[in-house]
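The following note sets out points on the structure shown below, for a colleague who wishes to read it at the level of chains, strands and single residues. The points begin with the contact between the chains.

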Amino acid sequence: MKAKVTVRKFDAVIVGAGGAGLRAAISLSEAGLKTAVLTKVFPTRSHTVAAQGGVAASLGNSEEDHWHWHMYDTVKGSDWLGDQDAIEFMCKKANECVIELEHYGMPFDRLDNGRIYQRPFGGHMSNFGEKPVRRSCAAADRTGHAMLHAMYQRNLKANTQFFVEWMALDLIRDAEGEVLGVTAMEMETGEIFAFHAKATIFATGGSGRIYRSSTNAFINTGDGLGMAARAGIPLEDMEFWQFHPTGVAGAGVLITEGVRGEGGILRNSAGERFMERYAPNAKDLASRDVVSRAMVTEINEGRGCGPNRDFVLLDITHLPPETIMKRLPGIHEIALQFAGVDALKEPIPVVPTCHYQMGGIPTNYHGQVVVPGKRTQNEIVPGFYAAGECACASVHGANRLGTNSLLDLLVFGKSAGETAVDELKKSTQAHKELPADAFDRTQERLHRLNTQKDGASVHETHLAMQRTMQKHAGVFRFADLLQEGVQRIIEVQRDVQRTEIRDKSKVFNTARIEALELDNLIEVAVATMVSAEARKESRGAHVRDDAPDTPEHPNGRDDTHWLKHTLWYKDPDGTGCRLDYKSVTLRPLTVDTIALKKRAY
Amino acid sequence: MTAEPQRIRTEKLRWHSRRALLELDLVLQRFWQRQPDILGEGQAAQLERLLALEDHDLWDLLSGRRASTDPALRDMVARLRQPAGN
């Protein structure tokens, strides 16, 4: 039986209430537009809370700085895959967005003279890569949290309507390709609604839960990406994921690099300090990518630890207990809670851990979703916008700089909101009529899930997906593993299409929500695996064993063939996929192109 | 409270255990794996109060960085802090 759908009308519907969604909502509500924000969890429990580092802006409060230098760092960090028009736009807008946030009440740390305090952060330099610069604006170690609170309060004042504990299910698109809203489920009742809107903005965050080891919270299930893919929108550059070398194996919680700084040693199953072979001078203090690659090589060559030989050990047992408790106070507790080991006596199991998604729903710097069309490679999808980690503007390209993620969500959340306001004000037309098949996809998915017999377990299928991604498309990639990975992930996808839940109740049915989330995660996982297998070079965070550093291709990068964005499309019948590519925008808005060169620090 | 409202209350708490920070997700997931399907009245009330906290404040309690000033919550905090296998 088809689920009943109640239609509600708004000028704009925003999916997600993290930083990007809240910022977009401010622009829309303050312009007097009727704006709905749908969110699975209470807004201030969005994953933006976990961002500690700060937000980058060339305010120059402590020393000379310039948006052009910030732009240079971002292009270089992206390994030249970032679009230079979007990067110029973001870096130029940074100061305005940070000051605006200050006016919303964000409690930034201050200098004695009252200006916003700024601290240095990896990759941010002055004078086109000359020396580190203080560019990050923070609120102690709770920057993301403070940012969400300030923006949530501002939204309440502006009468944004929040739908808390609602899960968006599918995008509504008509025959012309125009986006007319979303379907959604109210968790408290299990009832299905359609949010019919003139503007639909996705701000659903990252999808890091596709990996077994991920720093992402459980809510990061790529809902926006799954909905977009099912509606025929491509996903851009999904092969690029940022990893951190030392997450607790099986949990993902980060062990700070400070542990190796204080003398922590990485060991394999033979107890060998293997970093001596890979980086004889820096050893355990080598850069993140070198350490991650060495760890994966040890595991792949059979020198991993544990029953499945799938992690290595971080040993601090030789350090005096008082040093550990004084300099690394949180580590003892984290090891005990998440690895079940007393780090004073036993080494901690660690693996490279997924942290941030560079790819996403393709947009221009106005926050409008763009797809290749008959005339250009970036034709606007009417009525559809995306911002933050779920979107690919693309400012991070192949690798994101620290503190640029909070900036991304502020700048493009604002940009998407303001563009939607302009578009809505230009048109006096009423809501376009919903097509007859507007709810079909959602109703079919729910019906399938409610009636599935002898199906696959959601939990087991989720685990199979995560293990496949970790093994076959992790931080260091191998041609044979990727090829095998494509076959494996398609097998997992078949299981996702036949998941079964025992509990069919309607009220706060977590099992149903998790099955619907898995429908989204699997699209991201397949997109990642297929895109990674196809890109036969190393660039930024995508590092292949068969594309090594050579004089012809420094760092394995091959600009002749691969200076282009990947676009992954799900086939409309839901069983296959295809790849396409589009060129990188190398021309900035007002300044000269930052010319291609080797990325070296 | 009769069984059905208490079951719904439990389900609601299960969803409210989805947090912004991975550390909390993991600790709470472990708690639910050890629990019966429906929480008792006392446990549900304590958990409700803890889950109403901001994520960083809750993690301060659960990581032992700070002790709860409310004796009524100490039992639940201790239960949540039990490492795996205990």
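1. Contact between the chains. In this predicted model, the contact draws 27 residues from chain A and 21 residues from chain B. On the side of chain B that touches chain A, helix 1 (3-16), helix 2 (22-34) and helix 4 (55-62) of chain B each contribute at least two residues. Sorted by class, that side of chain B holds nine nonpolar, eight charged and four polar residues.

2. Confidence. The predictor assigns the complex an ipTM of 0.95 and a pTM of 0.96. For chain B the average pLDDT is 90, and 94% of the residues score at least 70.

3. Overall form of chain A. Chain A contains 16 helices and 22 strands. Its radius of gyration is 23 Å, close to the 25 Å that the globule rule gives for 601 residues, so chain A is as compact as a globular protein of that length. The C-alpha trace of chain A spans about 70 × 65 × 50 Å along its principal axes. Of the 601 residues in chain A, 57% are buried. Among contacts in chain A with a separation of 6 or more, 74% join residues 24 or more positions apart.

4. The nonpolar core. Which residues touch the most other members of the largest nonpolar core? They are Ile201(A), Ile361(A) and Ala387(A), in a core of 200 residues. Helix 15 (residues 510-534) of chain A provides the largest share of this core, 13 residues. Leaving aside neighbours within four places in sequence, Ala387(A) is in contact with Ala20(A), Ala24(A), Ile201(A), Ala203(A), Gly367(A), Leu409(A), Phe412(A), Gly413(A) and Ala416(A).

5. Ala335(A). Beyond its neighbours within four places in sequence, Ala335(A) is in contact with Val341(A), Ala343(A) and Ile348(A). The C-alpha atoms of Ala335(A) and Val248(A) are separated by 7.6 Å, although the two residues are 87 residues apart along the chain.

6. Pairings of strand 5. Strand 5 (residues 131-137) of chain A pairs in the antiparallel sense with strand 3 (residues 55-56) of chain A over two bridges. In that region, Ala56(A) stands opposite Ser136(A) of strand 5. Strand 5 of chain A also pairs in the antiparallel sense with strand 4 (residues 118-126) of chain A, over five bridges. Here Pro120(A) has Arg134(A) in strand 5 as its bridge partner. Strands 4 and 5 of chain A form a hairpin with four residues between the strands, and in this hairpin Asn127(A) takes a positive phi near 50 degrees.

7. A three-stranded sheet. Three strands of chain A form an open sheet in the order 10-21-22, with antiparallel pairing. Which strands lie at the edges? Strand 10 (235-236) and strand 22 (577-583) of chain A are the edge strands, each pairing on one side only. Strand 21 (residues 564-570) of chain A pairs with strand 22 of chain A over seven bridges, in the antiparallel sense. Tyr569(A) stands opposite Arg578(A) in strand 22 of chain A.

Note on methods
Residues are numbered from 1 along each chain as its sequence is written. Chains are lettered from A and ligands numbered from 1 in the order in which they are written. This is a predicted model: local features need pLDDT of at least 70, side-chain atom pairs count only at pLDDT 80 or more; totals for chains, interfaces and linings use all residues. Two strands pair if DSSP finds at least two bridges between them. The radius of gyration is taken over C-alpha atoms; the globule rule is 2.2 Å times the number of residues to the power 0.38. A residue is buried if 20 or more other C-beta atoms lie within 10 Å of its own, exposed if 12 or fewer, and partly exposed in between; C-beta atoms are placed from the backbone. Two residues are in contact if their C-beta atoms, placed from the backbone, lie within 7 Å. Ala, Val, Leu, Ile, Met, Phe, Trp, Tyr, Cys and Pro count as nonpolar, Asp, Glu, Lys and Arg as charged, and the others, Gly among them, as polar. pLDDT is the predictor's confidence in each residue, from 0 to 100. A nonpolar core is a set of buried Ala, Val, Leu, Ile, Met, Phe, Trp, Tyr and Cys residues joined through C-beta atoms within 7 Å.
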